[in-house]
Amino acid sequence: MNVKGIIALVCGILAVVLSFVASEIWLFVVALVLGIVGIVFGALGMKEAKATGTGKGLAVAGLVCGIVGTAVCAIMFACVGCVAAGISALAS
């Protein structure tokens with residue numbers, strides 16, 4: 001059983017979901033942190049899977065979900081920043 005792979009998968013899935021449904025800035029930060037944790041644990045889980053021979057699929061899935069969650073969160077964060085800047089420019 002690859003616990004690090006399971007942690008990576010859970011964090012990666014949560015990062016993807018939160019990055020799409022985040023309505024406040026702190027949710028983007030939580031999603032970004034979860035994505036990074038998913039990437040780290042995915043890499044550690046792959047290392048553990050290589051040593052034990054079990055749980056490689058979970059680690060890979062967690063790594064991919066972590067990367068996707070982090071990328072989507074960063075893109076959404078940038079979009080929100082651009083919209084905020086545009087609204088600020090229109091207001092002045």
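**Helix packing in a predicted model**

Me: In which kind of crossing does helix 2 pass helix 3?
Reply: Bear in mind that this is a predicted model. Where helix 2 passes helix 3, the crossing is left-handed.

Me: How do helix 2 and helix 3 run relative to each other, roughly parallel or roughly antiparallel?
Reply: Their axes lie 7 Å apart and the two pack at an angle of about 155°. Anything over 145 counts as roughly antiparallel. So helix 2 and helix 3 are roughly antiparallel.

Me: How many nonpolar residues does the contact of helix 2 with helix 3 have?
Reply: Sorting that contact by class gives seven polar residues and one charged. The nonpolar count there is 17.

Me: What about helix 1 and helix 2, roughly parallel or roughly antiparallel?
Reply: Helix 1 covers residues 3-21 and helix 2 covers residues 25-52. Their axes come within 7 Å and cross at roughly 155°. That angle makes helix 1, relative to helix 2, roughly antiparallel.

Me: And is the crossing of helix 1 and helix 2 left-handed or right-handed?
Reply: The contact of helix 1 with helix 2 includes 15 nonpolar residues, along with seven polar and two charged. As for its hand, the crossing of helix 1 and helix 2 is left-handed.

Me: Which helix gives the largest share of the nonpolar patch?
Reply: The surface patch is formed by M1, V3, I6, I7, V10, L14 and L58, with about 610 Å² of accessible area together. L58 sits in helix 3, residues 56-91. The largest share, five residues, comes from helix 1.

Terms used:
Residues numbered from 1 in each chain as written. Predicted model: local features only at pLDDT ≥ 70, side-chain atom pairs only at ≥ 80, totals over all residues. Heavy atoms only, no water. Axes fitted to C-alpha atoms, helices over the stretch in contact; angles between N-to-C directions. Helix = DSSP H or I, 4+ residues; strand = E, 2+ residues; numbered from the N terminus. Parallel < 35°, antiparallel > 145°, perpendicular 65-115°, else oblique. Left-handed = near helix turned anticlockwise from the far one by under 90°. Nonpolar A, V, L, I, M, F, W, Y, C, P; charged D, E, K, R; others polar. Patch = residues over 30% accessible without salt bridge, like charges linked within 9 Å, V, L, I, M, F, W, Y side chains within 5 Å. Areas by Shrake-Rupley, 256 points an atom, 1.4 Å probe, with all protein chains shown as cover. Salt bridge = Lys/Arg side-chain N within 4 Å of Asp/Glu carboxyl O.
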